[in-house]
Amino acid sequence: MDIYEKLTILAEAAKYDASCSSSGNGRTADEGYIGASTPAGCCHSFSADGRCISLLKVLMSNACVYDCKYCLSRRSNDFPRATFTPRELADLTIEFYRRNYIEGLFLSSAVVGTPDWTTEHMIEVLRILREEYGFAGYIHAKAIPGADPVLTHRLGLLADRLSVNIELPSEQSLVSLAPDKTKHNILEPMGLIKTGILENREDITKYRHAPKFVPAGQSTQMIVGASPETDYHILHLTESLYKKFGLKRVYYSAYVPLQEDALLPSIDTRPPLLREHRLYQADWLLRFYGFEASEIIDPKRPMLHPEVDPKCSWAVSHLDDFPVEVNTADYEMLLRVPGIGVKGAKRILAARRYQKLDFDILKRLGVVLKRAKWFITCSGKTLQRIPDTPEMMIWSILSPNRMGGFTDYGMEQLSLFETVLTGEDVRECLTGEF
Amino acid sequence: MSYGGILIFAYDGSYEGFLSTVFDAFLMKTLPADIVIFDDAEPSLMKMHYIETNFEHAKRVRLGIEKKLSTKTLCMVEKAFLFDGEGKENAIMHFLWKAFKEGPSTGGKIGSEEVNRVFKMSTAVSYEAERFRQFTRFSDSNGALVAVIHPKHFVLPLIRPYFCNRIKNENFLIYDAEHGVALIHSPEKTAIVPIESLELPESTDDGFYSRLWKNYYRHIAIGERYNPRCRMTHMPKRFWQYLPEVQEELEPGYVPKLSFGTAKEIANSIRASLPEANY
Ligand code: SF4
């Protein structure tokens, strides 16, 4: 089988992975070698579904011995199978890289034979890239649950980022949908990587040239909508993953049904994109806005509001804390204003040191007032009178374009090729300015 | 200090030339009514002051900005100067005039109009540079990499470190056809040089890797999530000309080719698209 065919099959099998980020670490190649990565990362393309393509995201092999019910590559599917040789994949990475198609490689794999064999094969790809080709581009590798910790460690010395997919948000779902996997063999490598990173940090302060272990940190991903867990459950799980394992990112992947199974949502279920989007917004609140999961969601209403983003939702149920005076409010409070993001809040802080801010100046600073105007004052002046009740508030905010084109939650079905998320929504999600 | 509005300054269009202009303005304590480039200077009733580029003056201005204002301010001014549009010299001159009067914090007063204009220009240039870090594509011609770009602003100096870092072991050329300059790099040497025109050599790898890339691009999208509007926000159409992966979508009558559906449907469509039948 030639490389064109392998790439077709193994890209197809890798596409459900949400992450494609190349951020978190800086490296430069030695003289005469190729590659560099920058902490900010870089998206080189966007696929037809609007997702960033930063890395060559492929499986090393899709010949899986496991049988996870939700997965395209499961053993019992009648599906074309392919496996890259390490050399093929390393060469392909370099050739794409030098043409400026990608920032590096995101290497994942089905379990071929055993977790150990799979990991060894992956290590060989990374070894060729790093040691033979001196490649300093970005590499994200999947740690395979059940592999020998020594192998996982070796993988982590070659990669920038490692991730172990938590797959499903609860142990029960794992048992029923991914029968070959267990909570234990997912959390074990996660713990190992966490400890590895902490020890490595100490080593580096002691010996300057200690090899770096997973310098861009670890991440994980879970499928949303294949199993019955609520957003309440998912957000608390996310919070504890950040706290317990020091993860850099938790990714959510809206479940795309691939097969009929009594344990799975029916085959014509549409991927819950809006839900995924709201979860990402909530995740931003946890990571950058100083929110706790318990502020964003409560067990009595365990799903995020479909029509209002989680920050707005929080704000309308805390109307007593508003309006906020932009000339005096502290950074934390500015961040809690719907429509003001990290960038906006920082610009406000910088600019107000020199002059009193009014609404025109805010506009000049690039602060979008569409949302924010309901929640702020400039030297006591308002642009919009705050409605008295949360319900009226939501109505006023939403009325110009209710629904925003979203299609899940039982709204009218648009055709398959209709836009589901607006560019604005996705930009918000990527930049966190909401 | 004499009042602006009587003099027009003319310089050669180079960065050093512009800094020399700044030097003269401060020396003469005169804010010029306008700043133009020799070549495009139209006959005018106002008095013209011709400025010869003086590297010593330029250096002093650069140091002055860095020391008396801040490195950040210098950086913003340098980026703003790469802006390709009417009135950039005036905007920067007015900003510097204000900044030297009001001190090092001026660069941060982005709420004020003079500062905001320069800030906006520098942000626009940064935006454009970032797009060309993302969307420049090379093709391989006998082992050398070549790319042509048409940026709105003069971004080569800004994207230079990015490319010279990541592919420092390669010979490459990025031709800015809009501004008639090229970034030329070999492992030994890098330079930005003016070039009148350029015949692009044919790619010699027979488009093998660009075909692989196009195929990859097609199969990495999830059909059920098709979202052209979102893609367009991140990858505006004016960049598509550089991207092999979307070329066929530019052809009239293009119908999206996406794989979606059940595992079985995906398997069948893959089998149908691949020549071998024996998987
Ligand atoms: S282990 Fe499970 S999820 Fe991973 S490729 Fe195999 S079947 Fe799919």
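Colleague: What makes you say that helix 4 of chain B lies across strand 1 and strand 2 of chain B?

Modeller: In this predicted model, helix 4 (residues 88-102) of chain B runs at about 135° to strand 2 of chain B and lies across strand 1 and strand 2. Contact here means heavy atoms within 4.5 Å, and the angle, on a scale from 0 to 180 degrees, is taken between N-to-C directions of axes fitted to C-alpha atoms, for helices over the stretch in contact. Helices (H or I, at least four residues) and strands (E, at least two) are DSSP runs, numbered from the N terminus.

Colleague: Why are strand 2 and strand 3 of chain B called edge strands?

Modeller: The open sheet has three strands in the order 2-1-3 (chain B), with parallel pairing. Strand 2 (34-37) and strand 3 (47-50) of chain B each have a single partner strand, so one side of each is left without a neighbour in the sheet. Neighbouring strands of this sheet are turned by 30° against each other on average, direction ignored.

Colleague: Why is the pair R98(A) and D140(B) called a salt bridge?

Modeller: A salt bridge requires a side-chain nitrogen of Lys or Arg within 4 Å of a carboxyl oxygen of Asp or Glu, and the closest N and O atoms of R98(A) and D140(B) are 2.8 Å apart, so the pair qualifies. Across the interface of chain B and chain A the rule finds six salt bridges.

Colleague: What is the area buried between chain B and chain A, and what does "buried" mean there?

Modeller: About 6,800 Å² is buried between chain B and chain A, with carbon and sulfur atoms giving 61% of that area. Buried area is the accessible area (1.4 Å probe) that two parts lose on being put together, summed over both. The contact takes 69 residues from chain B and 80 residues from chain A.

Colleague: Which conventions apply throughout?

Modeller: Residues are numbered from 1 along each chain as its sequence is written, while chains are lettered from A and ligands numbered from 1 in the order in which they are written. Local features need pLDDT of at least 70, side-chain atom pairs count only at pLDDT 80 or more, and totals for chains, interfaces and linings use all residues, with side-chain values using heavy atoms and leaving out hydrogens and water.

Note on methods
Pairing = 2+ DSSP bridges.
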